[in-house]
Amino acid sequence: MTEPRIAPTADVDPSAQLGAGSTVWHLAQIREKAVLGEDCVLGRGAYVGPGVRIGDRVKLQNYALVYEPAVLEDGVFVGPAAVLTNDVYPRSTDVDGTLKRDGDWPAEGVIVRQGASIGARAVIVAGRTVGRHALIAAGAVVTRDVPDFALVAGVPARRVGWVGRAGVTLHEQAPGRWRCPDTGELYAESDGHLSGPL
């Protein structure tokens with residue numbers, strides 16, 4: 001098993017766990033008790049908050065920010081400068097003017113399911129779940145949960161199509177039946193959700 005590779009300028013807390021074969025590039029920061037799976041890549045300036053849990057083969061591109069207590073499952077992609085937030089009602093101070101500190105608000109983590117991709121500069125609002133193999137367009141602002149295989153775009157993000165496991169937009173073959181042009185896999189749509197491959 002290959003030991004993790006950590007750039008000299010990266011900041012990795014000693015209590016963080018890094019899986020075999022993972023690479024942490026320049027100026028990336030992994031906070032205390034974060035868990036990073038095997039064969040992951042953290043780009044320049046990426047940030048992983050305390051206790052964040054990241055699966056295997058995850059890529060965080062340059063300056064992606066993942067705040068606690070987020071969970072990213074296997075095969076997730078987070079594009080450059082994307083942000084996974086953790087505070088629904090952010091404030092610097094309490095109503096009496098006291099500076100807020102960790103634990104002064106209920107941190108709500110984002111969950112990103114297996115194989116999903118988040119485009120560059122997208123923002124995922126605290127407490128939202130991004131479904132399996134979903135694709136979030138660059139610059140989108142996700143304010144509600146995203147179904148499996150959904151392609152969402154805009155501010156606020158809305159579903160504009162479906163994607164398959166390959167990340168390619170699916171083509172409708174018949175009502176409620178979708179095909180991936182790359183793999184030929186078939187999917188079924190029912191009540192605003194997609195299942196498959198069949």
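The centres of domain 1 and domain 2, taken over C-alpha atoms, are separated by 27 Å in this structure, which is a predicted model. The domain assignment of the chain places residues 1-91 together with 106-163 in domain 1, and residues 170-197 in domain 2.

**Where the domains meet**

- On the side of domain 1, six residues are in contact with domain 2, and eight residues of domain 2 take part in this contact.
- Between them, domain 1 and domain 2 bury about 620 Å², and 64% of this area is on carbon and sulfur atoms.
- One salt bridge is counted between domain 1 and domain 2, and a salt bridge is also what joins the side chains of R159 and E189, with 3.9 Å from N to O.
- The residues of domain 1 that touch domain 2 divide into four nonpolar and two charged, with no polar residue among them.
- Two residue pairs, with both residues at pLDDT 80 or more, are in polar contact between domain 1 and domain 2.

**Aromatic rings**

- A search of the whole structure finds two aromatic pairs, and one of them can be described through the rings of Y47 and Y67, which have their centres 5.2 Å apart.
- The planes of the Y47 and Y67 rings stand at 45°, so this pair is tilted; planes under 30 degrees apart would count as stacked and those over 60 as edge-to-face.
- Because Y47 lies in strand β8 (residues 47-48) while Y67 lies in the loop between β11 (65-66) and β12 (71-72), the pair ties together parts that are 20 residues apart in sequence.

**Backbone details**

- Most residues other than glycine have a negative phi, and most peptide bonds are trans, which is the background for the following points.
- The peptide bond that leads from E68 to P69 is cis, with omega near 0°, and P69 lies in the loop between β11 and β12, where Y67 is also placed.
- G196 and P197 are likewise joined by a cis peptide bond, for which omega is about 0°, and P197 is found in the segment after β26 (193-195).
- L27 is not a glycine, yet this residue has a positive phi of about 65°; L27 lies in the loop between β4 (23-24) and β5 (29-30).

Key
Residues numbered from 1 in each chain as written. Predicted model: local features only at pLDDT ≥ 70, side-chain atom pairs only at ≥ 80, totals over all residues. Heavy atoms only, no water. Domains from an automatic or database assignment. Contact = heavy atoms within 4.5 Å. Buried area = accessible area lost by both parts, 1.4 Å probe. Salt bridge = Lys/Arg side-chain N within 4 Å of Asp/Glu carboxyl O. Polar contact = N/O pair within 3.5 Å; in protein donor to acceptor, adjacent residues only side chain to side chain. Nonpolar A, V, L, I, M, F, W, Y, C, P; charged D, E, K, R; others polar. Phe/Tyr/Trp six-rings, centres within 6.5 Å; stacked < 30°, edge-to-face > 60°. Helix = DSSP H or I, 4+ residues; strand = E, 2+ residues; numbered from the N terminus.
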